[in-house]
Amino acid sequence: MILAGLILIPAVGGLLAWFTERFNPARPKFAALAAMAAELLAAVYLAAFRSGSARFVVPWIPRFGITIHLYCDGLSLVLVLLTAFLGLAAVASAWTEINERTGFFYFNLLLTLSGVTGVFLSLDLFLFYFFWEVMILPMYFLIALWGHENRVYASCKFFLFTQVSGLLMLVAILALYFLHGQNTGHYTFDYIQLLKTPLSHSAAMLIMSGFLIAFVVKLPSVPFHSWLPDAHTEAPTAGSVVLAGLLLKTGAYGILRFVLPLFASAVRHFAPIAMALGVVSILYGALLAFGQRDLKRMIAYTSVSHMGFVLLGAFAGSRLALYGVVMQILCHGISTGALFILVGGLRERLHTRELDSMGGLWSAMPRLGASLMLFAMASLGLPGLGNFIGEFLVLLGVFQVSPFWAVLASLGFVTSCVYSVWIVQRTIHGPNTRGWNPPDLSGRETVVMAAMSVLILWLGLFPRPVFTAVSPFVENLRQKPQSSAPAPESGRTTGVSRAVRGRTP
Amino acid sequence: MLELLWIIPALPFAGSLFLALLGRKLPRRAIACLGAGSVGICALLTGLVAISFIGHTSSHSFTYTQTLWSWLDVAGFGPSVSLHLDALSLVMILVITLVSFLIHLYSTEFMIGDADYSRFFAQMNLFVGSMLTLVLADNFLLLYLGWEGVGLCSYLLIGFWYGEPQNGYAARKAFIVTRVGDTALAIALFIIFTHLGTLRIGEVMLAARDTWPAGSPIATVTALLLLAGAVGKSAQLPLQTWLPDAMAGPTPVSALIHAATMVTAGVYLIARTNVLFMLSPAALTAVAVIGAATLVVAGFSGLVQHDIKRVLAYSTISQIGYMFLALGVGAWSAAIFHFMTHAFFKALLFLGAGCVIAATDGEHDMFKMGGLRKQMPLVFWTFLIGACSLSAVPLITAGFYSKDLIIWKAYCSARGSVWLWAAAIFGSLLTSMYTFRMVLLTFFGPLRKNATKRPGWPMSLPLVVLAVLSIAGGLVDLPKNFGGGSALTKFLTRDLPSFVTAPGRAVHQGMFGVFAACVSLGGILLIELLMRSRMYEKISESPRAKALHSFWFSGWGFDRLYDLVLVSPYAMLARINRDDVIDYFYTGLSRLSRQGWRGLCATENGRVRSFVLGIALGAAIIIGLAVFL
């Protein structure tokens, strides 16, 4: 029940926000804030009192074997926590930025968050695809309606990239569905059933590519990354935070949850290419980031570089690397989210994102300066901050499998250092040539930054709870690649799923 | 007392955090108390810990490990946050905390006029905390945390006055160049964990000794990667280029970087991982050769600088070269001894230079100074003591005992050679020359700029203490010939391998010592004569000397080389590819479809004639296809 609640709270909160706009355009943000606070509380409750695991099964369209099968294990839990936390931060970051059509804005924002939560919790492939679409459409509106100068181009590009790749995934899902149905006689979208589908090598490769393209475009990896800088740059701050902090993570989650367990042998076959793409993303993304003049675009490209570690680690086939990937997902969400909030704050104050017109802002805004410095350091992988744990574990894990790729990827330590110090230099260091004297972070912004700073430090120094949470998932994945999801635990749910399985077209 | 070990690194971290969060609201006096106080208590505690550690002399291989918390524990990879105290780390933390405290005390007055007083102390404290973590780390991952932490702090403090673009440049350069070395270190850690299954330093050393045969390629590769890391942090060839530019920071920062933290990290790393280097004679030889080459190269560059701090920077590179040379010939404890004496006299010299610079309104150019001897007697005398110690003036200075030991051991070691000895002795000549060139230009000759400020007690006291230590510091390792017992060497040999002498070379130590002493004194006399007789200026004005002068002045062209080979191409590539060549494919795709749309639109022109033509053509094609296929 709590899982359905986690998905519904933002959606209902969004509707409420839309509704309250009629009375007062300043009202929706409170509704949104309350909804996300409730979402975070619910997620924390799930983590603290339900030991983070839960399952929810209700038949939806039995004729086609579609169930509302929600499942939460450690992996989903940490991502849902991240979603709730970043959702709250995103709402807070939009507080003063969005003044037009506020109700519809928060409706879209919260619907996206609801879709993201759904993606992290669905174990039915049809449901998964449903939520996949739910998160894309409102995001399109967020960019197209509240974006900056070039928003129409950016939103179309975002929509086309994700939609086309999403359709390929739909084809792959259907192919898997029919193959499984033909082989076993009952047609179902249930992930646990589909895990047992025997696949010929070529079929596995084909179906895997369908999934993989959707996930890799979302991740994004070179050469499918070019939607990302446009979308990030043009999106409003809250949109960028959700986009970088969460939407990219759905791609990573998809690879971990679906691609690796469903197509274990095909994954091994494809691993060298994926790892190569990961390394290219790390280095090429860093190069692109270094060359940018627009601060937001620069940070967008750093995401390409960081998510390269995710692709590299996910396909390395080593447990250490998988732990690193999860850590990298979480920490990148927080650090890049924080950077986007800071850039949003800068834009609100200076009305520009151009690096050429910034500089020397630390003396005027010490709190912003210190936060920017901290998250720039997180982004270059400074030990003591969470991102280091992720990147180090990925590289260590990859090194055990393939020293060559690990050494090449290690060059990312240098390239990330180059762009990170460049960000610092062009914004808070250097001469303040334009004589900027903007106000420092407000109380609201300070609270957000403080929470994010504490979190990134905590993940860097005491990361064990995260690893404890995800270890069942990772250990299962490595031991029995064909049956990674645990069997339903309660008798009631087993009954329901059996009942569902009985009725096939 | 040993249980209090964790407080030693924790205090500076706490001070840093506190100052970073609340510093701007505190009065300057409180900031000074907090900033210097945290490190001061740290130094006191270190003293207490040292007493209680030395009290355990009954067991010869006594070490103390304190686990604070388990950092990670995944898939067999379980480094914890643990501190490890043994003879080597004890000597390191004693020197680090003592010298850092003196520098902090000095800074309370030196930086008093700066707007960012609290930020300065927050970052200085963080620097000390990181260095202590590095030295006390029980495993390589925690060491790496401290290692990167000092890199970060050097970046923050070199760029402390960030308003000037060149300061930012120097800071970035320091961070990125050392990061190159750090990456090599990270790769070394990957190898170590993959092959030996642990990152705990003690276990790694034992496992390496057991599983890796001496001279095996894997041991050599690992040792060379560790060396690359050390070379980056310790500013040795070929990654030395960042240190001369690091002068951009406030002078106490330079003192901290050069004397107590940062640059000695490389020396510590190699000493700490001595087992790996012993397994690979090739890597050990590389250490010695890099040290010897660096000390000569940097010596030449130091000889021609104008900026007083740059002379000191090159002298640091050169002196660390001596430490590398010592490590490379297996004189492990001699390297640590020289680290200690160097920390004293280099901190003294930097702080003295800081006084001079502050007194002459920020003048760095020695040619615009002069005659300050009378105006600043305390600074002059202490600076002179530091200079004597750096030049290894025989018998009375600490620098003599440590450097003489290295020069001698470069010859008599089983790994030594005449060439290494010759480089060391030549470096000693250069050292005396550039040091006293600096002293003569700054304190002697005509008065060019009046000293406007006299240092107060917070700046004077560190000078005096460090001057005493620069003289008396040699006593802790006084060799037998001078009536001592080589106490430090004995103490360190608990943890470091003992020195192996080459058969037949151990004779004539006295003669070698006298020769080395003559060389360092001769260097002082030579530069004195050259400068007094105006020969120095004459020589440096001949065209050939000028070319050489500018070559040395620019640090042997390394900057230009790296700029040409690495920096410019990368920046150019980034600039050219700003719009992402891959995106052209997608924009091309959209343009293509738009062109297609235009083309199809053009057919919809409303003229019946073209419609009829279209229908006819279409019919013809269909009929044609039907007939021919």
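Let me start with the contact between helix 13 and helix 19 of chain B in this predicted model. From helix 13 of chain B, the residues involved are B:Ala288, B:Ala292, B:Leu295, B:Val296, B:Gly299, B:Phe300, B:Gly302 and B:Leu303. Facing them, helix 19 of chain B brings B:Leu420, B:Ala423, B:Ala424, B:Phe426, B:Gly427, B:Leu430, B:Thr431, B:Met433, B:Tyr434 and B:Arg437. Sorted by class, that contact holds 13 nonpolar, four polar and one charged residues.

Now the geometry. Helix 13 of chain B covers residues 281-303 and helix 19 of chain B covers residues 418-443; their axes come within 9 Å and cross at roughly 25 degrees. Because the angle is under 35 degrees, helix 13 of chain B counts as roughly parallel to helix 19 of chain B. The crossing of these two helices is left-handed.

A second pair in chain B is helix 15, residues 332-359, with helix 18, residues 398-412. Here the axes are 9 Å apart and the packing angle is about 150 degrees. That angle makes helix 15 of chain B roughly antiparallel to helix 18 of chain B. Helix 15 of chain B also passes helix 18 of chain B in a left-handed crossing.

Which residues make this contact? Helix 15 of chain B uses B:Ala334, B:Phe337, B:His338, B:Thr341, B:Phe344 and B:Phe345. Helix 18 of chain B answers with B:Ala398, B:Gly399, B:Ser402, B:Lys403, B:Leu405, B:Ile406 and B:Lys409. The class count for this pair is seven nonpolar, four polar and two charged residues.

Next, the contact between the chains. Chain B puts in 40 residues and chain A puts in 40 residues. On the chain B side, helix 5 (140-158), helix 6 (165-196), helix 25 (558-576) and helix 26 (581-603) each supply at least two residues. Which helix of chain B gives the most? Helix 6 of chain B does, with 14 residues. By class, the side of chain B that touches chain A divides into 22 nonpolar, eight polar and ten charged residues.

Last, chain A on its own. Chain A has 19 helices and two strands. Its radius of gyration is 22 Å, close to the 23 Å that the globule rule gives for 505 residues, so chain A is as compact as a globular protein of that length. Along the principal axes, the C-alpha atoms of chain A fill a box of roughly 75 × 60 × 40 Å. Of its 505 residues, 64% count as buried. Among contacts in chain A between residues at least 6 apart in sequence, 81% join residues at least 24 apart.

Terms used: Residues numbered from 1 in each chain as written. Chains lettered and ligands numbered in written order. Predicted model: local features only at pLDDT ≥ 70, side-chain atom pairs only at ≥ 80, totals over all residues. Axes fitted to C-alpha atoms, helices over the stretch in contact; angles between N-to-C directions. Helix = DSSP H or I, 4+ residues; strand = E, 2+ residues; numbered from the N terminus. Parallel < 35°, antiparallel > 145°, perpendicular 65-115°, else oblique. Left-handed = near helix turned anticlockwise from the far one by under 90°. Contact = placed C-beta atoms within 7 Å. Nonpolar A, V, L, I, M, F, W, Y, C, P; charged D, E, K, R; others polar. Rg over C-alpha atoms; globule rule 2.2 N^0.38 Å. Buried ≥ 20, exposed ≤ 12 C-beta atoms within 10 Å, placed from the backbone.
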